[in-house]
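Take this walk with the model open beside the text. Follow the strands one by one, then turn to the charged pairs and the surface.

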Amino acid sequence: MRNLLAFITRYNAFFLFLIFEISSLIIYVKYNSFQKATFINSAAEVTGNMYAQVSKLNNYLSLKETNDSLALENARLRNQLKSSFFIDTLSKHKVTDTIYKQQYEYIEAKVIKNSFNLRNNYITINMGSNAGIEKGKGVICNTGVVGKVIFVSPHYAIVQSLLNKDTQISAMLADTKDKGSFRWGDNLDPHIGLLYDVSNNAQPKLGELVITSDLSLFPTGIPIGRISNLHAKGGGFFLNMDVKLSVDFSKLQYVYVVDNKFAKEQLGLEAQQKN
């Protein structure tokens, strides 16, 4: 201990300079929005490489679950191919269909860092702006909604998880189409969320599926979870209810970033209406 105190006393000027230097950098980044955003994006790029290496080891330990998940997803996609349907007709007509246009495309990404036990949880994925990912895009997986992109670098992106107090999405009951809003619960349970502001004329049922509505940034019908508890009306005009999440965030490994091809057109039109 005496030697340590002697060392600190001898080099006290250096340590004092180091403390002031670090403090000034923290203040400079914290109170300047441009520098703060630059720092976050740079940090995401640097730490992303480190997380990628750690993720490789974790993936080896759970290859069976990953393969099972991918097999189920491939089976679901194959079931949607035209070749999977039986054509029950006696006549065939060639039709040039110009009605349907693709609105959504999906960018596959691997989760290389994930938290689910904090009040505000985030996910780092191994795809960025070079793959077409932009801030504000929705993120899903094969079982349901995951979150939305908030920061992007060329090779990585940070996703604000559904398990975050600032995440709120438009949702609805799958059977009756009654709309409400969804957010994570206050008890920090990573398996339970809250569907609220549903009209008290609705008649929800335990076990009923809750999905994304046509007012959200996600395609309509993406699973969020199932109703696990019905709350009392509380004398108001709206219902609240607990929802058991479809996604197990502790096992999340692969996600899909949703690219809405019509999003810019819609946002531009809405901006004109506000002006």
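Leu239 lies in strand 11 (residues 238-245). Helices (H or I, at least four residues) and strands (E, at least two) are DSSP runs, numbered from the N terminus. Leu239 counts as buried because its relative accessibility is 8%. Buried means under 20% relative accessible area, exposed over 50%, and partly exposed in between (1.4 Å probe, protein chains only). Leu239 and Asn201 are 38 residues apart in sequence, yet their C-alpha atoms are 8.8 Å apart in space.

This is a predicted model, where local features need pLDDT of at least 70, side-chain atom pairs count only at pLDDT 80 or more, and totals for chains, interfaces and linings use all residues. Residues are numbered from 1 along each chain as its sequence is written, and side-chain values use heavy atoms, with hydrogens and water left out.

Now the overall layout. The chain has five helices and 12 strands. Of its 275 residues, 32% count as buried. Six strands form a closed barrel in the order 6-7-8-11-10-9, with antiparallel pairing. From one strand to the next, the twist averages 40 degrees. Such angles run from 0 to 180 degrees between N-to-C directions, with axes as lines fitted to C-alpha atoms, for helices over the stretch in contact. Two strands pair if DSSP finds at least two bridges between them.

Go to strand 7 (residues 179-184), which holds Gly180. Gly180 counts as buried because its relative accessibility is 10%. Beyond its neighbours within four places in sequence, Gly180 is in contact with residues including Ile169, Ala171, Leu195 and Val198. Contact means heavy atoms within 4.5 Å. Strand 7 runs antiparallel to strand 8 (residues 192-199), joined by four bridges. Phe182 has Leu195 as its bridge partner in strand 8.

Next comes strand 3 (residues 138-141). Which way do its residues point? Gly138 and Ile140 point one way, Val139 and Cys141 the other, and all are buried. In a regular strand the side chains alternate between the two faces of the sheet. Strand 3 is joined by four bridges to strand 4 (residues 144-152), and the two run antiparallel. They form a hairpin with two residues between them. Ile140 has Val145 as its bridge partner in strand 4. Strand 3 also pairs with strand 12 (residues 254-260), antiparallel, over two bridges. There, Ile140 stands opposite Tyr256.

Turn to charge. The structure holds eight salt bridges. A salt bridge is a side-chain nitrogen of Lys or Arg within 4 Å of a carboxyl oxygen of Asp or Glu. One of them joins Asp214 and Lys179 (3.7 Å, N to O). This pair links distant parts of the chain: Asp214 is in the loop between strand 9 (209-212) and strand 10 (223-230), and Lys179 is in strand 7, 35 residues apart. Lys179 is partly exposed because its relative accessible area is 34%. Arg183 forms a salt bridge with Asp186, with the closest N and O atoms 3.4 Å apart. Arg183 is partly exposed, at a relative accessible area of 24%, whereas Asp186 counts as exposed at 60% relative accessibility. Arg119, Arg183 and Asp186 are linked in a network of salt bridges.

Last, the surface. The chain exposes about 18400 Å², and carbon and sulfur atoms supply 58% of it. Accessible areas come from the Shrake-Rupley method with a 1.4 Å probe; for residues, only the protein chains shown count as cover.
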